[in-house]
Amino acid sequence: MNTFQSIYKEGEWQTSLPKKSDAALVFAFGDRHVMATSHMLSQLKSSFPEAEILGCSTSGEIQGSEIHDESIALTAVHFEKSHVVAKSDNISNYADSSSLGTALVNQLDHNGLRYVFVVSDGQLINGSELIESITGALPKNVLVTGGLAGDQARFKETIVWHNDNVTKGLVVLVGFYGEKLNISHGTMGGWKPFGPIREITKSTKNTLYEIDHSPSLELYKTMLGEYADGLPSSALLFPLSMQEVGEEQAVVRTILSIDEDKKSMTFAGNLPEGAKCQLMRANYENLIDGAQQAGEAAIQMMGSNQPSLALLVSCVGRRMILDQLIEEELETIADLLPENCTRTGFYSYGELSPHVPLGPCHLHNQTMTLTLLTED
């Protein structure tokens, strides 16, 4: 596995693109306005004629141990013993996110499939339904990770691209094939619950109407105090821990939008009635420790293999808390990995990863997730 990286910023590539590469896969995370230009698309097609080119708008682009804004963070991957197949479709063609996820999985050949990386629109897609349908339609031994596109902390519009299709509502699945491919993963948050444990008493999918039989938005505003005026973006500082009936582990949910008239909140994932919930908060030490634990889990799962590529998807909420110290969580990951391990990814509106090794993939918010890949 060989990689090439460059950053496009202020109208130029920091490292010139190759004249003609045989890379099979190109990750390009970043600015939706830059990516949508015909000049950018023609450049990438010319330099990487054989590659599947995919990515999304972000809340920050990850390249190595640095975070960038208003850029294109490009990573091209050449496989020596493996191959990839990418499929994409738009939510506008389906009744719901579940139908879209199932249709995309069915377009992939399941024979020899080892891993699926998912890039999804971060606002028009129900992340919970999407990932449940994807994992439900795949063989149990296929790992799934990925993330939902971001839009800084604006929550206005997220965009996904696959080759020359740059649009909202898009979901891309990349299937990785090959017996020599080794993959591992890790995910961890670092957020701590506070306040009373409450019950979700009225909801529809990812829209929350009542907590403990009280209007959810009013209750949330009361709990946020002075931060309530900054909703929905201020909710990134105070996500919701949610544990479904019968589930051993809780997941974290982040608000995407609010409805003042209905006193409701829309989250990145579903919040079923009867689930327990609790407000959360974090500080610098908690989040850095969480990033380190995610990295350690992924490395332990990989065993004696040395990772060649690390795909990092972290949350915009973590970036808001860490602020100017944000690169420290990336440096923490870097310190755990071999020096020659290529690192790329983005800050997102939702992270996709299993809780535990060999477990099913879930939608998370406010976590650092990483996927490590190498070839024997």
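This is a predicted model: local features need pLDDT of at least 70, side-chain atom pairs count only at pLDDT 80 or more; totals for chains, interfaces and linings use all residues.
User: What makes Trp-191 count as buried?
Analyst: The relative accessible area of Trp-191 is 6%. Buried means under 20%. Trp-191 is therefore buried.

User: Where does Trp-191 lie, and which residues is Trp-191 in contact with?
Analyst: Trp-191 lies in the loop between strand 14 and strand 15. Neighbours within four places in sequence are left aside. Its contacts then include Leu-236, Leu-237, Pro-239, Met-280, Leu-287, Ile-321 and Gln-366. The C-alpha atoms of Trp-191 and Ser-241 are separated by 9.1 Å. Those two residues are 50 residues apart along the chain.

User: Why is Arg-253 said to have no salt bridge?
Analyst: The nearest side chain of opposite charge is Glu-244, 5.8 Å away. A salt bridge needs a nitrogen–oxygen pair within 4 Å. Arg-253 therefore has none, yet it is buried.

User: What polar atom lies 3.4 Å from the side chain of Arg-253?
Analyst: It is the backbone oxygen of Asn-270, 3.4 Å from a polar atom of the Arg-253 side chain. The limit for a polar contact is 3.5 Å. The pair therefore falls inside that limit.

User: Where is Arg-253, and what does Arg-253 touch?
Analyst: Arg-253 is found in strand 19, residues 251-253. Residues up to four places away in sequence are not counted. Among those touched are Ser-128, Pro-239, Met-242, Phe-267, Asn-270, Leu-363 and His-364.

User: What makes strand 6 and strand 14 edge strands?
Analyst: Take the open sheet of six strands, with the order 6-5-24-23-27-14 and mixed pairing. Strand 6 (66-68) and strand 14 (181-188) each pair on one side only. Neighbouring strands of this sheet are turned by 20° against each other on average, direction ignored.

User: How do you know that strand 23 and strand 27 pair?
Analyst: Pairing requires at least two bridges. Strand 23 (residues 309-315) and strand 27 (residues 368-375) have six, in the antiparallel sense. They therefore pair.

User: Which helix lies across strand 14 and strand 27?
Analyst: Helix 6, residues 284-302, lies across both. Helix 6 runs at about 155° to strand 14.

User: Why are strand 2 and strand 12 at the edges of their sheet?
Analyst: Their open sheet has seven strands in the order 2-1-7-3-4-11-12, with mixed pairing. Strand 2 (12-13) and strand 12 (165-167) each have a single partner strand, so one side of each is left without a neighbour in the sheet. Within this sheet, strand 4 (residues 52-56) and strand 11 (residues 160-162) pair over three antiparallel bridges. Leu-54 has His-162 in strand 11 as its bridge partner.

User: What makes strand 15 a partner of strand 22 and of strand 16?
Analyst: The threshold is at least two bridges. Strand 15 (residues 192-204) has five with strand 22 (residues 276-281), in the antiparallel sense. Strand 15 has four with strand 16 (residues 207-211), also antiparallel. Both pairs therefore meet the threshold. Arg-198 bridges to Cys-277 in strand 22, and Lys-202 to Glu-210 in strand 16. The hairpin of strand 15 and strand 16 has two residues between the strands. There, Lys-205 takes a positive phi near 55°.

Key:
Residues are numbered from 1 along each chain as its sequence is written. Side-chain values use heavy atoms; hydrogens and water are left out. Buried means under 20% relative accessible area, exposed over 50%, partly exposed in between (1.4 Å probe, protein chains only). Lys and Arg count as positive and Asp and Glu as negative; His and the chain ends are not counted. A polar contact is a pair of N or O atoms within 3.5 Å; within protein, one must be able to donate a hydrogen and the other to accept it, and residues adjacent in sequence count only if both atoms are side-chain atoms. Contact means heavy atoms within 4.5 Å. Axes are lines fitted to C-alpha atoms, for helices over the stretch in contact, and angles run from 0 to 180 degrees between N-to-C directions.
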